[in-house]
Amino acid sequence: MRPFDYVEMRVPAKSQYVGVARLTISGLASRIGFSFDDIEDLKIASSEAVTNAVQHAYAEGEEGEVVIGCALYEDKIEIMVADHGQSFNFEETKAKVGPYHDQEEGAFLREGGLGLYLIETLMDEVKVHHQEGVTIFMTKHVEGEQVEKDVETVSS
Amino acid sequence: MNIQVDLTESNNVLEGFIRGEIDAHTAPVLREKLETYQSHQGLKAELDLSDVNYMDSTGLGVFVAFYKSVNANGGHVKLKGLSARLKRLFDITGLGDIMDIESAGKGGN
């Protein structure tokens, strides 16, 4: 048995589906036990990645699809967003995605602007892969289970 | 997953209430409405974001563009009523230091 549950979504590369993807990921994340703030971070990061894919497809004049793959572990979520509409073998693609190099990805970073900056800030690990389109691979760990238990004593 | 933008202007003072979610889909609606006013000379704009329950970089982009344009025309933009989440988004992108932002919570963090 593999150590994670895998959920894949395929949506048209249109902006009205960004919110749908965001809400689905929010639902998945709450199942693993992420805190409210972490779920909000995940919603923003996944929206940024899907928005990026949608805008990329739009710029190319394609009526493509965006594929969003989520691997749900006990203590983390891995999200992969691809703008080329091909369903992926999650493990295979994950292995191909290289570490994120500032210099190499400079052009992409500028293109993605604030969006990619936010993804990097809000997620624990981010990788970008260029081949047959762009694939963003990002990870967030469930943290502070203790905090979760003590949440009632923390005033907001 | 929708947005409601109410803008009223009188004597070059723009009052705005924005409700809902600002993302790639709804940001163009907001941008278009704000663009109507952004080149008025000396515009004083106050936008209330207390009912914005989601925003990402597309929203930041709209507010930055509006801020730049209003500033270039001798005006001022104030964003108010921001939730801690929204305020954080402006802060981690460094925009919190540049723009006039008032968060909803008073006192504490």
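Analyst: Two strands pair if DSSP finds at least two bridges between them, and strands (E, at least two residues) and helices (H or I, at least four residues) are DSSP runs, numbered from the N terminus. The model is predicted: local features need pLDDT of at least 70 and side-chain atom pairs count only at pLDDT 80 or more, while totals for chains, interfaces and linings use all residues. Residues are numbered from 1 along each chain as its sequence is written, with chains lettered from A and ligands numbered from 1 in the order in which they are written.

User: What makes strand 3 and strand 4 of chain B a pair?

Analyst: Five bridges join strand 3 (residues 44–55) of chain B to strand 4 (residues 76–82) of chain B, and the rule asks for at least two, so the two strands pair. They run parallel, and Leu47(B) has Leu79(B) in strand 4 of chain B as its bridge partner.

User: Why are strand 1 and strand 5 of chain B called edge strands?

Analyst: The sheet of chain B is open, with five strands in the order 1-2-3-4-5 and mixed pairing. Strand 1 (3–10) and strand 5 (100–103) of chain B each pair on one side only. From one strand to the next the twist averages 15 degrees.

User: Which strands of chain B does helix 2 of chain B lie across?

Analyst: Helix 2 (residues 57–72) of chain B lies across strand 2 (13–22), strand 3 and strand 4 of chain B, and runs at about 145 degrees to strand 4 of chain B, where angles run from 0 to 180 degrees between N-to-C directions of axes fitted to C-alpha atoms.

User: Why is chain B called as compact as a globular protein of its length?

Analyst: Its radius of gyration over C-alpha atoms is 13 Å, close to the 13 Å that the globule rule gives for 109 residues, so chain B is as compact as a globular protein of that length; the rule is 2.2 Å times the number of residues to the power 0.38. Chain B holds four helices and five strands, in the pattern β-β-α-β-α-β-α-α-β along the sequence, and its C-alpha atoms fill a box of roughly 35 × 30 × 20 Å along the principal axes.

User: How do you describe the packing of helix 2 of chain A and helix 5 of chain A?

Analyst: Helix 2 (residues 36–59) of chain A and helix 5 (residues 114–122) of chain A pack at an angle of about 145 degrees, with their axes 9 Å apart. The contact (C-beta atoms, placed from the backbone, within 7 Å) includes Ile44(A) of helix 2 of chain A and Leu118(A) of helix 5 of chain A.

Key:
Contact = placed C-beta atoms within 7 Å.
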